[in-house]
Amino acid sequence: MATTRPAPTHADVRYGPRDRNTLDFWASGSKDPSPLALYIHGGGFVGGSKDGLDGTSLRQLLDAGVSVAAMNYTFIT
């Protein structure tokens, strides 16, 4: 059973000059520095989205004290 994704701490943060150079970030909630899991979607540079990160995996990481970032990247044209 899939879990609904919580809202990101920071959504659509730009990391580069292209339209798709954005990421969503979820802070673990720890007051101390925490590890970071980076989700890079599949799609072979022709498809996919940061929205492919499922809520169950995201929630498991956050519950384990791991911050999460999910990024989009520029497709080849």
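1. Charges. In this predicted model, the protein chain carries 7 positive and 7 negative charges. Their mean positions lie 4 Å apart. The count takes in Lys, Arg, Asp and Glu, and leaves out His and the chain ends.

2. Fold order. The protein chain has 1 helix and 4 strands. Along the sequence they run β-β-β-α-β. The helix, α1, spans 55-63, and β4 spans 67-71.

3. Core. The largest nonpolar core has 6 residues: W26, L53, L58, L62, V68 and A70. Both α1 and β4 contribute, each with at least two residues. Nonpolar side chains tend to be buried together in soluble globular proteins.

4. A70. Which residues does A70 touch, leaving aside those up to four places away in sequence? The partners are T22, L23, D24, W26, Y39, K50 and L53. Of these partners, W26 and L53 also belong to the largest nonpolar core.

5. Burial and surface. The protein chain has 77 residues, and 25% of them count as buried. The cut-off for buried is under 20% relative accessible area. The accessible surface comes to about 4,900 Å². Carbon and sulfur atoms hold 58% of that surface.

6. Dimensions. Along the principal axes, the C-alpha atoms of the protein chain fill a box of roughly 40 × 30 × 20 Å.

Terms used. Residues are numbered from 1 along each chain as its sequence is written. This is a predicted model: local features need pLDDT of at least 70, side-chain atom pairs count only at pLDDT 80 or more; totals for chains, interfaces and linings use all residues. Side-chain values use heavy atoms; hydrogens and water are left out. A nonpolar core is a set of buried Ala, Val, Leu, Ile, Met, Phe, Trp, Tyr and Cys residues joined through side-chain atoms within 4.5 Å. Buried means under 20% relative accessible area, exposed over 50%, partly exposed in between (1.4 Å probe, protein chains only). Contact means heavy atoms within 4.5 Å. Accessible areas come from the Shrake-Rupley method with a 1.4 Å probe; for residues, only the protein chains shown count as cover. The place of a charge is taken as NZ of Lys, CZ of Arg, CG of Asp or CD of Glu.
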